[in-house]
Amino acid sequence: MQGIPRWHQVLPVCLGLLSYPYSMFLGLVGLLSLSIWQTVRSPKAIFFTLLNSGLIAIAVLLVISSSQAVFPGEAYLQLAHFLPFFWLWACLTVYLQQTTDPWAQIYRWTVVLVLASVPLNLVGMVEYLLKLSPNPALLPYFPLVDWLYLGDTHILRAYSLFDYPNTLASYLTLILGLNLGLVFLTGQEMPWGRQSTLCRWLIRANVLLTLGCLFASGSRNGLLAAIALMVVSLLRMRTNRWIRLLGLAGITLIVVTTLSFGVAGRSVSWSWVTDDPRVQVWQLAWQMILDEPILGQGLGNYKLLYNGEIPLYTYIAHAHNFWLTMAAEAGLIVTVLFTLAIGLICYRGYRTFTSLKSATSHQALLMGYGLAFFGIVLFSLLDITYFEARVNVVTWLSLSVIAASPALSQKMTQ
């Protein structure tokens, strides 16, 4: 079944993604309208996409795990971080497979998400500079800041428009991946029309802005993931040798200065590894896994079962590692199945990426989404990202592009 992309389909999603970092509920309207439209239009395709991917089985197991949780009410509430996004992923995947000119749609989404992050980065960097000033307590009294700002003026780290610096960093890690894809796309022959000069320069400059805002967030985890994305993109994409060398020299400079001067007032040393409370947090998660390996303790139950075992920490929300958190809260079966299901999607997407060598513009675009998802996977090794809906949406959007890419590549060869 082939569909024709009308403006009533395209515009709500683009406007939703554009407004999503600033007004989450307004942004959801565009995504929800497309998801409902696609569900009504192709219910069987969405059902079998979920079934064949294994997400229906995982959803059933998550519900069963929640019913047996230590605190079932909290577990059922935490299902909101998973089940609606399974549906969103399936709707977007089927939509891309059925619509005409899907690569143009993907390109629009990428540009909108990247350009929408420019003000976020500027706000974060200005916030950081204001916090370095003699009187950072004045920050909330700037026009509109008292309404938008969710951070703490007494902490040097930048919050931008998020509720926590690490949440901001996880979102920027996703955006950096998309941004790198657009950077490699710039200058190539694009079948989606030419970019304006302003758009090209904003896309290029936003890489530096994103790195600057990541530094201001003080997220060492986010900065390490960003460096990994830059290394992978420089080594994987075809480009001039001097650009590679310049990029690697810049990465080396970032690493050296970070190790020497720290990140947003936070030192980077071996004590970060040896003295980090994450080690004890992981040990607690491992003990929870041993106590209930099959169904887990229940989604969201880690924080409720934590009894202050780590000195100076009266509250810890999760295990600061996606797989340990999932295994402790949902059980080993869900964790293994979830990892295999997502891993298979990524494997098929990577095979598609390698087959698109003759279509460099499509390859660069797909690489951006691959880097975004790879970045959030790296970030998830030391933190949890799915509690923030804005991060969740871009994560599952990236995975939908990866999942749809084999079918889209096949269409190109027909």
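Helix α9 spans residues 165-185, and its 21 residues reach 30 Å from the first C-alpha to the last, close to the 30 Å expected at 1.5 Å a residue; the expected span is 1.5 Å times one less than the number of residues. Helices (H or I, at least four residues) and strands (E, at least two) are DSSP runs numbered from the N terminus. Of the 21 residues of α9, 20 are buried, so the helix is largely enclosed by the rest of the structure. Buried denotes under 20% relative accessible area, exposed over 50%, and partly exposed in between (1.4 Å probe, protein chains only).

The model is predicted: local features need pLDDT of at least 70 and side-chain atom pairs count only at pLDDT 80 or more, whereas totals for chains, interfaces and linings use all residues. Residues are numbered from 1 along each chain as its sequence is written, and side-chain values use heavy atoms, with hydrogens and water left out.

The chain contains 19 helices and zero strands. Of its 414 residues, 51% count as buried. Among contacts (heavy atoms within 4.5 Å) with a separation of 6 or more, 77% are between residues 24 or more positions apart. The accessible surface of the chain comes to about 19,100 Å², and carbon and sulfur atoms contribute 69% of it; areas were computed by the Shrake-Rupley method with a 1.4 Å probe, only the protein chains shown counting as cover for residues.

With a salt bridge defined as a side-chain nitrogen of Lys or Arg within 4 Å of a carboxyl oxygen of Asp or Glu, the count comes to three. In one of them, E74 pairs with K303, the closest N and O atoms being 2.8 Å apart. This pair links distant parts of the chain, with E74 in helix α5 (residues 72-78) and K303 in helix α15, 229 residues apart. Both E74 and K303 are buried. K131 forms a salt bridge with E127 at 3.0 Å between the closest N and O atoms. Because K131 and E127 are four residues apart in helix α7, about one helical turn separates them. K131 is buried at 8% relative accessible area, and E127 is buried at 3%. The side chains of E388 and R390 also meet in a salt bridge, at 2.8 Å from N to O. Here E388 has 11% relative accessibility and counts as buried, as does R390 at 8%.

S35 lies in helix α2 (residues 24-41) and is buried, with a relative accessible area of 2%. Residues up to four places away in sequence aside, S35 touches W87, L88 and C91. S35 and L88 are 53 residues apart in sequence, and their C-alpha atoms are 6.3 Å apart. The S35 side chain also reaches the backbone oxygen of L31 at 2.9 Å.

Most residues other than glycine have a negative phi. D101, however, has a positive phi near 55 degrees. D101 is in the loop between α6 (83-98) and α7 (102-132) and is partly exposed, at 47% relative accessible area. H320, likewise not a glycine, has a positive phi of about 55 degrees and lies in the loop between α15 (302-305) and α16 (322-330).

On the surface, I294, I333, V336, L337 and L340 form a nonpolar patch with about 440 Å² of accessible area together. Patches comprise residues with over 30% relative accessible area and no salt bridge, like charges being joined within 9 Å and nonpolar side chains (Val, Leu, Ile, Met, Phe, Trp, Tyr) within 5 Å. L337 belongs to helix α17 (residues 332-355) and is partly exposed, at 35% relative accessibility.

Technical notes
A polar contact is a pair of N or O atoms within 3.5 Å; within protein, one must be able to donate a hydrogen and the other to accept it, and residues adjacent in sequence count only if both atoms are side-chain atoms.
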